[in-house]
Amino acid sequence: MPVEITWWGHATCTVEDSGVRLLTDPLFARRLAHLRRRRGALPPPEAAEADVVLVSHLHADHLHLPSLARLVPGTRLVVPAGARRAVPGLARVAAVRRLAVTEVAPGDEVGVRAGVRVRAVRARHDGRRLPFGPHLAPALGYVVHGSVRTYFAGDTGLFDAMAEEVGPVDVALLPVGGWGPYLGPGHLDAGRAAQALAALAPAAAVPVHYGTYWPIGLDAVRPHEFHAPGEEFVRRARRLAPKVAVRVPGHGERVRLP
């Protein structure tokens, strides 16, 4: 049975496998601090419907409390170990929405339903709740083990043991950009994402984390960093990982893989 991926924008995806809906890093805001959504309509209410929500790290564009407050009561929420201590508002939202919060570290596994489980893997990224705060929680990626193995990388840079720690996967959801003119350390651009793809060697891949949010007032500053990463990833992947089928969905579009 193939997996179905809906990309809602930024790092927010719905992964449907074996009758289970998993939602990654939900961000349903038109504006977040200095960022404005510049492409794609806001996700519809049904985007917040999931059996399990996977949060990769504590940055506000990935652990977004107002978006978590839209989840259906009783939804299971998987977050990095230490998240509740680092982000006090998380406990309040979880209590109000009756979310079942599970904290995980790299290597931990969470059973979702018979035949579907989630494994947390390491990410190379600053996991703090910026712009302040100590390192209380790791940045993570997740591998969904269902009818296929789907890797959601969260936010990460390349690291030598990536393929070994992630393990064999069939589908990879890889970040290929960001929300500003420049990417700091601990990120993948289109070229580094293609290198990661070559190392992981899945059957199929989808680029995410680009072309959605941009700082207000910086429209003319390196606009190619907003518009180009998806197609640039396709070009780089053809050269470095020609056997991988790369799909580039539009905002709100569902694709079936692999």
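Is tryptophan 214 buried or exposed, and what is its relative accessible area? Tryptophan 214 is buried, at 3%, where buried means under 20% relative accessible area, exposed over 50% and partly exposed in between, with a 1.4 Å probe and protein chains only.

The views below show a predicted model, in which local features need pLDDT of at least 70, side-chain atom pairs count only at pLDDT 80 or more, and totals for chains, interfaces and linings use all residues. Residues are numbered from 1 along each chain as its sequence is written, and side-chain values use heavy atoms, with hydrogens and water left out.

**View 1. An open sheet of seven strands.** Let's start with the strand order, which is β8-β7-β6-β3-β2-β1-β17, with mixed pairing. β8 (100–104) and β17 (253–257) are at the edges with a single partner strand each, so one side of each has no neighbour in the sheet. Strands are DSSP runs (E, at least two residues), as are helices (H or I, at least four), numbered from the N terminus; two strands pair if DSSP finds at least two bridges between them.

**View 2. The β1 and β2 pairing.** Here β1 (residues 3–9) and β2 (residues 12–17) run antiparallel and share five bridges. Isoleucine 5 has valine 15 of β2 as its bridge partner.

**View 3. Two aromatic pairs.** The count of aromatic pairs is two, taking rings of Phe, Tyr and Trp (its six-membered ring) with centres within 6.5 Å; planes under 30 degrees apart are stacked, over 60 edge-to-face and the rest tilted. Tryptophan 7 and tyrosine 210 are stacked, because their ring centres are 5.3 Å apart and their planes at 10°. Tryptophan 7 belongs to β1 and tyrosine 210 to the loop between β14 (204–208) and β15 (213–215), so this pair ties together parts 203 residues apart in sequence. Both tryptophan 7 and tyrosine 210 are buried.

**View 4. A charge over a ring.** The charged end of arginine 122 sits over the ring of phenylalanine 159, 4.2 Å from its centre. The rule asks for NZ of Lys or CZ of Arg within 6 Å of the ring centre and within 35 degrees of the ring normal.

**View 5. Backbone details worth a look.** Most residues other than glycine have a negative phi, and most peptide bonds are trans. Leucine 257 and proline 258 are joined by a cis peptide bond, with omega about -5°. Aspartate 25 has a positive phi, near 35°, and is buried at 0% relative accessible area. Arginine 222 also has a positive phi, near 50°, but is partly exposed at 30%.
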